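Please keep the sequence and structure in view while reading.

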Amino acid sequence: MTPDDVDLVQSTFERVRPISEAAARMFYSRLFEIAPEVKPLFKGDMAEQGRKLIATLAVVVGSLHSLQTILPAVSTLAKKHVEYGVKPSHYAAVGAALLWTLERGLGAAWTPEAAKAWTNAYATLSNFMIGEAYGRVAAE
Ligand code: HEM
């Protein structure tokens, strides 16, 4: 990711924060539409799950300029996901649902540059998580 990509991800994320509860609901309904097989993995309250997801994304997005400081915590989170029954292939569906939600939440601010920056950011995060949780071979 270039420094410009990081700036774009951070500024667009700030724009969706005021509507983050609605964005989280949209995200899960889209995720369960495109990947119904992951629905049974979620056992808890979905409003609470949505808050955790947004809070974690906020930390990751806020740390993009100094990503190495949060990588140990992200590695731990990735390994917890194996226990939740998450498979490497599920990351693509989550990424697609996330980008779909951002596109709708941002409207005209979802420019081609913003789309590229978010695609790069999610690829960086998910490749790292998959590598940590399942080993580098599975990530390829
Ligand atoms: C890529 C970035 C991701 C982030 C930032 C993220 C974030 C989180 C967080 C913060 C939690 C709560 C952890 C806790 O309470 O200790 C969680 C739980 C969970 N995540 Fe993720 N997650 C990601 C990817 C995924 C993917 C790809 C899936 C696949 C479907 C997934 C499915 C789940 C499930 C099933 C739980 C547990 C739900 C429950 O306990 O009912 N996550 N995630």
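Helices are DSSP runs of H or I with at least four residues, strands are runs of E with at least two, and both are numbered from the N terminus. The model is predicted, so local features need pLDDT of at least 70 and side-chain atom pairs count only at pLDDT 80 or more, whereas totals for chains, interfaces and linings use all residues. Residues are numbered from 1 along each chain as its sequence is written, and side-chain values use heavy atoms, with hydrogens and water left out.

**Largest cavity**

- A cavity is a set of points, on a 1 Å grid over the protein atoms alone, where a 1.4 Å probe fits but cannot get out; lining residues have an atom within 4 Å of a point.
- The structure holds one cavity of 30 Å³ or more, and the volume of the largest cavity is about 150 Å³; a volume is the space filled by probe spheres set on grid points, which are joined across faces, edges and corners.
- Its lining comprises 14 residues, with Val16, Ala23, Ile54, Leu98 and Leu102 nearest the centre.
- Helix H1 (3–16), H2, H3 and H5 each supply at least two residues of this lining, and H2 gives the most, with four.
- By class, eleven lining residues of the largest cavity are nonpolar, two polar and one charged; Ala, Val, Leu, Ile, Met, Phe, Trp, Tyr, Cys and Pro count as nonpolar, Asp, Glu, Lys and Arg as charged, and the others, Gly among them, as polar.

**Largest pocket**

- A pocket is an open set of grid points with protein on both sides within 12 Å along at least five of seven lines.
- The largest pocket has a volume of about 870 Å³, and of its 31 lining residues, Tyr28, Phe42, Gln49, Leu53 and His81 are the closest to the centre.
- At least two lining residues come from each of helix H2 (20–34), helix H3 (46–62), helix H4 (71–83), helix H5 (90–106) and helix H6 (112–134).
- H3 gives the most to the lining of the largest pocket, namely eight residues.
- The lining of the largest pocket has 20 nonpolar, six polar and five charged residues.

**Ligand shell**

- The ligand takes the space of the largest pocket; a molecule sits in a pocket if more than half of its atoms lie within 2 Å of the grid points.
- Around the ligand are 20 residues, the closest being Lys43, Lys52, Thr56, Lys80 and His81; a residue is near if one of its heavy atoms lies within 4 Å.
- H3, H4, H5 and H6 each supply at least two shell residues, and the largest share, four residues, comes from H3.
- The shell divides into twelve nonpolar, five polar and three charged residues.

**Ligand contacts and iron**

- A side-chain N or O atom of Lys52 is 2.8 Å from an oxygen atom of the ligand.
- A backbone N or O atom of Gly44 lies 3.0 Å from an oxygen atom of the ligand.
- His81 lies in helix H4, and its NE2 atom, at 2.0 Å, is the only protein donor of the ligand's iron atom; donors are N, O and S atoms within 2.8 Å of the metal (3.2 Å for Na, K and Ca), and sites may look incomplete because water is not among the atoms.

Technical notes: Polar contact = N/O pair within 3.5 Å; in protein donor to acceptor, adjacent residues only side chain to side chain.
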